[in-house]
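Me: I would like to learn how to read a protein structure. Please take me through a few of its features.

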Amino acid sequence: QVHLVESGGGLVQAGGSLRLSCAASGRTFGIDAMGWYRQAPGKQRELVATITSGGTTNYADAVKGRFTISRDNTKNTVYLQMNSLKPEDTAVYYCNTKGVGIFRDDEFWGQGTLVTVSS
């Protein structure tokens, strides 16, 4: 099992910045990709950004150029730097991990952290 703890959400004005963190513990040696998803009220959960253990990143079009995902493998922690925030970025942000090798079917989620962007 992998346990994920997110932090860094909050209320910010449009144009502002926030940095989310997600620390993984437990069977972290089985993790390959780490990432962030979000779910706005009344909408489906959607991909925000992912990063592999080798550093390959992937971003949703809606956040490209504004958000940056990074990862510290020594701390089993993934970060999401969010700049130029917009009201439409308001959502609960969830940390996610996907496994590799014999753990490739593993997928774990954090409890979520709320980001609210006021106009």
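This is a predicted model: local features need pLDDT of at least 70, side-chain atom pairs count only at pLDDT 80 or more; totals for chains, interfaces and linings use all residues.

Me: How do the strands of a sheet pair?

Reply: In general, strands of a sheet pair through backbone hydrogen bonds, and the pairing is either parallel or antiparallel. Here, an open sheet of four strands runs in the order E1-E3-E8-E7, with antiparallel pairing. Its edge strands are E1 (2–7) and E7 (67–72), each of which pairs on one side only. From one strand to the next, the twist averages 15°.

Me: Over how many bridges do E7 and E8 pair?

Reply: E7 and E8 (residues 77–82) are joined in the antiparallel sense over six bridges. Within this pair, Phe67 stands opposite Met82 in E8.

Me: Where do nonpolar side chains tend to be in soluble globular proteins?

Reply: They tend to be buried together. In this model the largest nonpolar core has 29 residues, and Trp36, Leu80, Met82 and Tyr93 touch the most other members. Strand E3 gives the most to this core, with four residues. Leu80 has contacts beyond four places away in sequence, among them Leu20, Trp36, Val48, Phe67, Ile69 and Tyr93.

Me: Is Thr113 buried or exposed?

Reply: Residues under 20% relative accessible area count as buried. Thr113 has 11%, so Thr113 is buried. Thr113 lies in strand E11, and its side chain reaches the backbone nitrogen of Gly9 at 3.3 Å.

Me: Which residues does Thr113 touch, not counting those up to four places away in sequence?

Reply: Thr113 touches Glu6, Gly9, Leu20, Ala91, Val92 and Tyr93, with that exclusion.

How values were computed: Residues are numbered from 1 along each chain as its sequence is written. Side-chain values use heavy atoms; hydrogens and water are left out. Two strands pair if DSSP finds at least two bridges between them. Helices (H or I, at least four residues) and strands (E, at least two) are DSSP runs, numbered from the N terminus. Axes are lines fitted to C-alpha atoms, for helices over the stretch in contact, and angles run from 0 to 180 degrees between N-to-C directions. A nonpolar core is a set of buried Ala, Val, Leu, Ile, Met, Phe, Trp, Tyr and Cys residues joined through side-chain atoms within 4.5 Å. Buried means under 20% relative accessible area, exposed over 50%, partly exposed in between (1.4 Å probe, protein chains only). Contact means heavy atoms within 4.5 Å. A polar contact is a pair of N or O atoms within 3.5 Å; within protein, one must be able to donate a hydrogen and the other to accept it, and residues adjacent in sequence count only if both atoms are side-chain atoms.
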